[in-house]
Amino acid sequence: MNHLSQDELLAYALGESLPEAAAHLRSCEQCNAELASHYASLGALGMSEESAAPAHLRGRILGSLSREQTRPSQFARQSSSQSASQSTTPRRWSLIPSWIPTFAAALLLIAVGLLWRDDLAQRRRLHDELAQLQQPEVQADLLRRALAAPDAQQFSLLPASFHPVMQGKAIYRAQQQQVIFIGSHFAAAPAGKAYELWLLPSSGAAPIAAGVFQPDAAGNVSLVVPRLLAATDPKGFAITIEADSGSDKPTSAIILAGLKSQG
Amino acid sequence: MNEGTNLQGTPLPHQEETHLLRLTAQGDEASFARLYDLFSGLVYGVAMRVLRDASAAEDVVQDVFLQLWRNPEVFDSQRGRLAPWLAVITRNRALDRLRRRRPEVEWDGVLAPVDVSFAATADRNIMSQRIRSALSSIPLEQRAALEMAFFEGMTQAEIAERTQTPLGTVKSRVRAAVNAVGKALRP
């Protein structure tokens with residue numbers, strides 16, 4: 001048997017489409033062993049990238065387990081196999097002992113108990129889900145997703161005498177280098193232009209581009225920047241009007257700005 | 001709670017890993033949560049490296065862990081350790097997402113990596129440092145070729161085209177880089 005070359009094995013492990021190699025691997029233990037060692041090296045390469053997952057993700061994933069189809073527990077499987085093996089041939093009614101009605105009543109009670117237990121378990125699950133949803137990190141995730149959702153509608157509540165002006169609020173999460181900007185009463189940008197959000201570093205360094213946006217027809221803005229390329233402590237944010245493809249640095253006057261001390 | 005990372009965590013004995021997988025297969029959420037705490041940093045790190053997008057990486061983490069929850073038996077713990085297997089699976093899923101296509105590689109299409117000695121003798125933290133050290137000691141073009149192949153999912157022919165390098169040279173660079181990583185796994 002001609003075994004696969006190291007290059008073929010490596011290309012296969014890296015995911016290249018090699019039908020002949022795949023066919024060979026179905027029946028060759030030796031090549032499979034070598035392939036597994038390549039997977040170990042590639043897996044280790046991946047492991048060198050390990051970094052902390054966002055805290056809210058834990059709640060999101062563990063909270064979703066209850067929505068997954070419940071897998072039968074081993075206990076349940078054992079019970080079902082035992083009951084199958086213990087089944088007997090039907091008996092004639094004339095031979096049914098007098099304890100059968102009592103037994104049937106007991107079964108009914110057990111069934112009611114099981115239903116009640118299921119209901120209780122379901123209520124506990126709902127309670128757990130609600131508790132999960134109330135955790136700050138989960139709520140933050142929901143907020144971020146709602147802001148980014150295309151069907152989200154926004155309502156600004158203001159005093160009746162208030163004359164609306166362009167305004168916005170930027171939220172910066174330093175650890176994630178994540179920016180969320182919510183704005184309202186933005187006029188449409190001039191043709192070929194767009195609004196650009198800038199992070200103003202507290203170090204006094206040049207502003208960092210944090211996203212280009214266009215307001216919707218109602219003048220609202222929801223901008224979510226999952227991760228800025230540069231990490232820095234901001235003293236504030238500002239907005240200018242730039243070319244609609246965005247700019248590396250501000251080229252026009254600031255039309256809206258907010259510094260940390262202004263809340 | 002070791003929130004979402006095991007960077008400072010203690011190494012997980014192989015037996016405990018197997019035990020947690022077995023309990024997860026029985027629907028035990030606490031065991032699954034422990035697996036998440038141990039491996040979410042690894043899965044997230046790989047997904048971020050491939051996708052460079054936190055939101056997309058989170059979706060891949062969720063996908064990988066829910067697949068593990070639905071079908072933990074697909075990983076054969078008798079043949080190796082969970083961490084490198086998860087790294088390869090996550091890389092494949094992230095690349096699929098990057099290309100916006102349906103998953104191409106089935107879970108059971110990836111062999112469990114053999115139980116190389118690092119798993120028994122050192123924790124992942126130490127091992128990761130050894131891998132980084134090995135990668136920093138090889139020529140830059142070898143490292144770049146391997147990273148393009150693994151994290152960007154480029155075929156070796158594509159790498160040759162992008163880097164204007166003969167295909168044979170690219171193959172030897174990738175092979176040398178993988179061998180360097182493999183050597184770092186051995187004590």
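**Entry 1: a helix pair in chain B.** I looked up the handedness of the crossing of H2(B) and H3(B), and it is right-handed. The model is predicted, so I keep that in mind throughout. H2 covers residues 29-51 of chain B, and H3 covers residues 54-70 of chain B. Their axes are 8 Å apart, and the packing angle is about 140°. An angle over 145 degrees would count as roughly antiparallel. H2(B) and H3(B) are therefore oblique to each other.

I then listed who makes the contact. From H2(B) I noted, among others, B:Phe32, B:Leu35, B:Tyr36, B:Phe39 and B:Val43. From H3(B) I noted residues including B:Val60, B:Val61, B:Val64, B:Phe65 and B:Trp69. By class, the contact has 18 nonpolar residues, one polar and two charged.

**Entry 2: chain A against chain B.** Next I turned to the interface. How many residues of chain A are in contact with chain B? I found 48, and they touch 67 residues of chain B. The size of an interface is often given as the accessible area lost when the parts come together. Here the buried area is about 5100 Å². Carbon and sulfur atoms give 62% of that area.

I also checked for salt bridges across the interface, and the rule finds five. One salt bridge I looked at joins A:Glu49 and B:Arg49. Their closest N and O atoms are 3.3 Å apart.

**Entry 3: H3(A) with H4(B).** In H3(A), the residues in the contact include A:Tyr39, A:Leu42, A:Gly43 and A:Met47. In H4(B) they are B:Ala83, B:Pro84, B:Ala87 and B:Val88.

**Entry 4: H4(A) with H2(B).** I came back to H2(B), this time with a partner from chain A. H4(A) spans residues 55-64. The two axes come within 11 Å and cross at roughly 150°. Are H4(A) and H2(B) roughly parallel or roughly antiparallel? They are roughly antiparallel, which follows from the angle. The crossing is right-handed.

A:Leu57, A:Arg58, A:Ile61 and A:Leu62 meet B:Phe32, B:Ala33, B:Tyr36 and B:Asp37. I noted six nonpolar residues, no polar ones and two charged. B:Phe32 and B:Tyr36 are also listed in the contact of H2(B) with H3(B).

Key
Residues numbered from 1 in each chain as written. Chains lettered and ligands numbered in written order. Predicted model: local features only at pLDDT ≥ 70, side-chain atom pairs only at ≥ 80, totals over all residues. Heavy atoms only, no water. Axes fitted to C-alpha atoms, helices over the stretch in contact; angles between N-to-C directions. Helix = DSSP H or I, 4+ residues; strand = E, 2+ residues; numbered from the N terminus. Parallel < 35°, antiparallel > 145°, perpendicular 65-115°, else oblique. Left-handed = near helix turned anticlockwise from the far one by under 90°. Contact = heavy atoms within 4.5 Å. Nonpolar A, V, L, I, M, F, W, Y, C, P; charged D, E, K, R; others polar. Buried area = accessible area lost by both parts, 1.4 Å probe. Salt bridge = Lys/Arg side-chain N within 4 Å of Asp/Glu carboxyl O.
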